[in-house]
Amino acid sequence: MAQSIGVLRERQNAETRVAVVPELIERYKALGFDIRVEQSAGEGAFYADEAFSAAGAEIVSRETALRSDVLALVAPPDPDVIEGLTRGQTVIGFLSPLDR
C-alpha cells in the first residue's frame, strides 16, 4: 500500500495559499504517493478541485485527508489537527512555535 499525502484546506482567515499545487501531483505520484486533496483546498489560490483531480489526486473530505500518512499545510495546524494526529503521521508546513 502506498503512503498518502493529505493536502488540507487552510482555515485561517487571511491564508489563501495551498501546500501542494496541481503541478506537483505527478511528481509525488511518480515517487509512489497517493495524493488526497481536501475539497476546495486550492480555492483561495485559484486552483479548482478539477485541476487537482486531472493531475491524479483524489478529492476527499477533511476527515479523509486528515487520515493520510503525511499532512501538507501552509499555516500552523489547528488544535483539532494536532489532537487528531496519530503515531507515525508526519506534518509538513510552517509550525511557528514562537507564536503559539
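This is a predicted model: local features need pLDDT of at least 70, side-chain atom pairs count only at pLDDT 80 or more; totals for chains, interfaces and linings use all residues.
Residues are numbered from 1 along each chain as its sequence is written, and side-chain values use heavy atoms, with hydrogens and water left out.

**The chain as a whole**

- Four helices and five strands make up the secondary structure of the chain; these are DSSP runs numbered from the N terminus, with helices being H or I of at least four residues and strands being E of at least two.
- Read from the N terminus, the elements follow the order β-α-β-α-β-α-β-α-β.
- The radius of gyration of the chain is 13 Å, which agrees with the value near 13 Å for a compact globule of 100 residues; this radius is taken over C-alpha atoms, and the globule rule is 2.2 Å times the number of residues to the power 0.38.
- Along its principal axes, the C-alpha trace spans about 35 × 30 × 20 Å.
- Of contacts between residues at least 6 apart in sequence, 59% join residues at least 24 apart, where contact means heavy atoms within 4.5 Å.

**Surface and charge**

- Of the 100 residues, 35% count as buried; buried means under 20% relative accessible area, exposed means over 50%, and partly exposed lies in between (1.4 Å probe, protein chains only).
- The chain has an accessible surface of about 6200 Å², and 52% of that belongs to carbon and sulfur atoms; areas come from the Shrake-Rupley method with a 1.4 Å probe, and for residues only the protein chains shown count as cover.
- There are 10 positive and 16 negative side chains, with the centres of the two sets 4 Å apart.
- For this count Lys and Arg are positive and Asp and Glu negative, while His and the chain ends are not counted; each charge is placed at NZ of Lys, CZ of Arg, CG of Asp or CD of Glu.

**Back to Q12**

- Q12 is partly exposed, because its relative accessible area is 34%.
- Although Q12 and M1 are 11 residues apart along the chain, 33 Å separates their C-alpha atoms.

- R62 belongs to helix α3 (residues 62–66).
- Why does R62 count as buried? R62 counts as buried because its relative accessibility is 10%.
- The R62 side chain reaches the backbone oxygen of R9 at 3.4 Å.
- Setting aside neighbours within four places in sequence, R62 is in contact with L8, R9, R11, E38, D78, D80 and V81.

**The loop between β2 and α2**

- Q39 is found in the loop between β2 (34–38) and α2 (49–54).
- Not counting residues up to four places away in sequence, Q39 touches R9, D49, I59 and V60.
- The C-alpha atoms of Q39 and E23 are separated by 17 Å, with the two residues 16 apart along the chain.
- S40 also has its place in the loop between β2 and α2, and shows a positive phi of about 70° although it is not a glycine.
- With a relative accessible area of 24%, S40 is partly exposed.
- F46 is in the loop between β2 and α2 too, and has a positive phi of about 65° despite not being a glycine.
- F46 is exposed, since its relative accessible area is 79%.

Conventions:
A polar contact is a pair of N or O atoms within 3.5 Å; within protein, one must be able to donate a hydrogen and the other to accept it, and residues adjacent in sequence count only if both atoms are side-chain atoms.
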